[in-house]
Number of protein chains: 2
Amino acid sequence: MTAYEHLLKYDIKPSSQRIVIMDYLLNNRTHPTSNDIYNALKDDNPTLSKTTVYNTLKLFEEKGAVLNLSIDEKNAHFDGDTSDHAHLICSNCGKIIDMKIEMAPNVCNDMGCEIHQTHIYMKGICGECKKAN
Amino acid sequence: MTAYEHLLKYDIKPSSQRIVIMDYLLNNRTHPTSNDIYNALKDDNPTLSKTTVYNTLKLFEEKGAVLNLSIDEKNAHFDGDTSDHAHLICSNCGKIIDMKIEMAPNVCNDMGCEIHQTHIYMKGICGECKKAN
DNA sequence: TATAAATTTGTAACGATTACAAATTAAAAC
DNA sequence: GTTTTAATTTGTAATCGTTACAAATTTATA
């Protein structure tokens with residue numbers, strides 16, 4: 001699926017900036033930060049602004065077109081793959097690696113990784129707020 | 001277990017500041033931020049510094065005495081309960097709620113919550129780094 | 001073509017966190 | 001118990017990712 005089609009699927013009006021940012025996310029599965037994306041795109045898109053990348057990623061996230069990973073305390077990382085999967089961040093090199101949920105955490109050991117911690121985070125609406133609403 | 005004993009267990013020399021911070025974490029299971037803790041303690045501990053709270057929490061985390069939750073993009077939240085459990089953050093009120101791993105995400109529905117996303121994050125050493133080391 | 005709405009841009013501000021050096025406290029040596 | 005050394009705490013200033021805001025540009029509508 002092209003970036004253009006992907007945007008339409010998530011009900012996002014496709015501007016040229018949005019297309020190029022989504023295209024980068026779909027073709028670079030490195031879980032880049034907003035800054036990573038800006039740096040990668042700015043040479044070919046000289047008028048692109050850092051703020052646009054931030055705003056666009058926030059829009060994508062709200063529309064469900066990308067995932068905002070809070071795995072790294074320093075920066076937000078983004079994932080264009082919204083299918084269910086887990087992530088491992090390496091404490092040594094900082095790389096973020098995709099993992100299949102059903103195998104986690106055992107797949108790590110198979111792959112020669114070493115797991116120190118596993119966190120499960122859910123986002124949603126709590127019981128109190130749901131009742132109050 | 002007292003805060004004092006808890007510190008010893010994790011091989012942390014117990015200063016008065018460390019004790020009062022750990023005590024707060026053990027008795028307030030609200031997943032406070034560093035700033036939350038500072039604000040809660042500063043009246044009874046007028047000389048306490050914000051920097052000390054940050055430094056102390058970092059030390060606790062390194063020693064494995066607390067968990068640093070990156071569930072909230074805005075701030076780091078800390079959990080004095082290091083046993084295995086999942087967390088739900090409410091998009092409406094921001095509260096962070098403990099969940100039992102084995103029941104997640106279904107327990108949420110039972111409890112009247114509504115889940116929008118589930119993230120599994122692992123921290124460790126990746127295969128490449130492990131091999132290189 | 002004129003007008004309105006949406007998007008993008010750059011700058012400035014914000015705020016959580018950290019670096020750093022001085023001050024204080026605790027521990028060790030004598 | 002005084003001196004010396006190490007560890008801890010503190011306050012200020014800096015860092016840096018992110019956002020607020022208003023102007024500029026582009027796109028859509030009349």
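**Figure 1. A:Asn68 and its polar partner in the predicted model.** The side chains of A:Asn68 and A:Glu61 are joined by a polar contact of 3.2 Å. This is a predicted model. A:Asn68 sits in strand E1 (residues 67–69) of chain A. Its relative accessible area is 7%, so A:Asn68 is buried. Beyond four places in sequence, A:Asn68 contacts A:Glu61, A:Ala76, A:His77 and A:Phe78 on its own chain, and B:Glu73, B:His119 and B:Tyr121 on chain B.

Figure 2. A:Asp79 belongs to strand E2 (residues 77–79) of chain A. Which side chain of opposite charge is nearest to A:Asp79? A:Arg29 is, at 5.3 Å. The salt-bridge cut-off is 4 Å, and A:Asp79, though buried, has no salt bridge. Histidines supply polar contacts to this side chain. One runs to the side chain of A:His85 at 2.9 Å. Another reaches the side chain of A:His31 at 3.4 Å. Leaving out residues up to four places away in sequence, A:Asp79 touches A:His31, A:Val66, A:Leu67, A:Leu69, A:His85, A:His87 and A:Asp98.

**Figure 3. A:His31, a loop residue with positive phi.** A:His31 lies in the loop between helix H2 (16–27) and helix H3 (34–41) of chain A. Its phi is near 60 degrees, a positive value in a residue other than glycine. Is A:His31 buried or exposed? Its relative accessibility is 2%, so A:His31 counts as buried. The side chain of A:His31 makes a polar contact with that of A:Asp79.

**Figure 4. The aromatic pair between the chains.** The count of aromatic pairs over all chains comes to one. A:Tyr121 and B:Tyr121 form this pair in an edge-to-face arrangement. The ring centres are 5.7 Å apart and the planes make an angle of 75 degrees. Why does the pair join two chains? A:Tyr121 lies in strand E5 of chain A and B:Tyr121 in strand E5 of chain B, so the pair spans both. Both tyrosines, A:Tyr121 and B:Tyr121, are buried. B:Tyr121 is also among the contacts of A:Asn68.

**Figure 5. The largest nonpolar core.** This core holds 22 residues. Which members touch the most other members? They are A:Leu88, A:Met99 and B:Met99. Strands E3 (86–90), E4 (96–99) and E5 (114–125) of chain A each supply at least two core residues, as do strands E3 (86–90), E4 (96–99) and E5 (114–125) of chain B. In soluble globular proteins, nonpolar side chains tend to be buried together.

**Figure 6. B:Val66 in a buried loop position.** B:Val66 is placed in the loop between helix H4 (50–63) and strand E1 (67–69) of chain B. With a relative accessible area of 2%, B:Val66 is buried. The C-alpha atom of B:Val66 is separated by 16 Å from that of B:Asn35, 31 residues apart along the chain.

**Figure 7. Salt bridges within and between chains.** There are ten salt bridges over all chains. Side chains of opposite charge can pair when their charged atoms come close. Within chain A, A:Asp11 and A:Lys63 meet at 3.9 Å, N to O. That pair links the loop between helix H1 (3–9) and H2 to helix H4 (residues 50–63), 52 residues apart. A:Asp11 is exposed at 59% relative accessible area, while A:Lys63 is partly exposed at 37%.

Between the chains, B:Lys123 and A:Glu73 form a salt bridge of 2.7 Å, N to O. B:Lys123 lies in strand E5 of chain B and A:Glu73 in the loop between E1 and E2 of chain A, so the pair joins two chains. B:Lys123 counts as buried at 14% relative accessibility; A:Glu73 is partly exposed at 45%.

B:Glu114 and A:Lys130 form another salt bridge, with the closest N and O atoms 3.6 Å apart. Strand E5 of chain B holds B:Glu114 and helix H6 (residues 127–132) of chain A holds A:Lys130, so this pair also joins two chains. Both are partly exposed: B:Glu114 at 30% and A:Lys130 at 37%.

Notes: Residues are numbered from 1 along each chain as its sequence is written. Chains are lettered from A and ligands numbered from 1 in the order in which they are written. This is a predicted model: local features need pLDDT of at least 70, side-chain atom pairs count only at pLDDT 80 or more; totals for chains, interfaces and linings use all residues. Side-chain values use heavy atoms; hydrogens and water are left out. Helices (H or I, at least four residues) and strands (E, at least two) are DSSP runs, numbered from the N terminus. Buried means under 20% relative accessible area, exposed over 50%, partly exposed in between (1.4 Å probe, protein chains only). Lys and Arg count as positive and Asp and Glu as negative; His and the chain ends are not counted. A polar contact is a pair of N or O atoms within 3.5 Å; within protein, one must be able to donate a hydrogen and the other to accept it, and residues adjacent in sequence count only if both atoms are side-chain atoms. Contact means heavy atoms within 4.5 Å. A nonpolar core is a set of buried Ala, Val, Leu, Ile, Met, Phe, Trp, Tyr and Cys residues joined through side-chain atoms within 4.5 Å. Rings of Phe, Tyr and Trp (its six-membered ring) pair if their centres lie within 6.5 Å; planes under 30 degrees apart count as stacked, over 60 as edge-to-face and the rest as tilted.
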